[in-house]
Amino acid sequence: MRRCEECGGYAYSGGPECAVCLELVDGIVEEEWRSFLHRWDVTADQEAALAEMVVEEPERHDWRVMDAALDRLVCPDCGDRLSRGPADCSACNLAHGFRYAAIETDRPGVPPGNEHAIRVNVSVVRRPQVTSEHEFLVRRLSLPLLLVGYLPTTQEAQRMSTLIKNSSPERVTWLMKQAIEDVIRDR
Ligand SMILES: [Zn+2]
Ligand SMILES: [Zn+2]
């Protein structure tokens, strides 16, 4: 795990406030989209049509491709990227739920469920307005660990959620930092 030179936290963990981290998180889905375009030999003017096709049949595509496809479509209700609009946009909420129909495949050598956790955390970091402040903090700070193949056990996750309950955002950030340092030391 490396540090982000912009925000000083671990790379990928800065959330929307750090442009460098946010670009890294977008890159997780963008990279897959680029190789998808390459496989289909698609030119730039056909990209939107391909995105529409993916969104119509998410169960046939990897979640990263699905999330990148949604970014390329405009929400008919709020005008933002589809699924990225305000918390009260019903068209975005529908698309946001629909994204979970796409496929997730754990990378070789990681605990089962790691890919699911990455997917949820990426989705939360890219649309924080529908998540509580606590959950958002936990998901954005734990993303770098998940990306290097870590997944907390059920007990670890429960212990953490008990610890952070009723804590201030500053305290949650501090607790997460401690937990991450513990994991790194033990690896
Ligand atoms: Zn950063
Ligand atoms: Zn919308």
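The model is predicted: local features need pLDDT of at least 70, side-chain atom pairs count only at pLDDT 80 or more, and totals for chains, interfaces and linings use all residues. Residues are numbered from 1 along each chain as its sequence is written, chains are lettered from A and ligands numbered from 1 in the order in which they are written, and side-chain values use heavy atoms, without hydrogens and water.

Start at the zinc ion (ligand 1). Its protein donors are Cys 4 (SG), Cys 7 (SG), Cys 18 (SG) and Cys 21 (SG), 2.3 Å away. Along the chain these donors follow the spacing C-x2-C-x10-C-x2-C. Cys 4 sits in the segment before α1 (19–40), and Cys 21 in helix α1, 17 residues apart. Cys 4 is buried because its relative accessibility is 4%; buried means under 20% relative accessible area, with a 1.4 Å probe and protein chains only. Cys 21, at 0%, is buried too.

Next, find Arg 119 in helix α5 (residues 114–126). Its relative accessibility is 3%, so Arg 119 counts as buried. What is Arg 119 in contact with, leaving aside neighbours within four places in sequence? The partners include Trp 63, Tyr 100 and Glu 104. Contact means heavy atoms within 4.5 Å.

Last come two helices, which are DSSP runs (H or I, at least four residues) numbered from the N terminus. Helix α7 (residues 154–164) meets helix α8 (residues 169–186). Met 160, Leu 163 and Ile 164 of α7 make the contact with Val 172, Leu 175, Met 176 and Ala 179 of α8.

Notes
Donors are N, O and S atoms within 2.8 Å of the metal (3.2 Å for Na, K and Ca); water is not among the atoms, so sites may look incomplete. Buried means under 20% relative accessible area, exposed over 50%, partly exposed in between (1.4 Å probe, protein chains only). Axes are lines fitted to C-alpha atoms, for helices over the stretch in contact, and angles run from 0 to 180 degrees between N-to-C directions.
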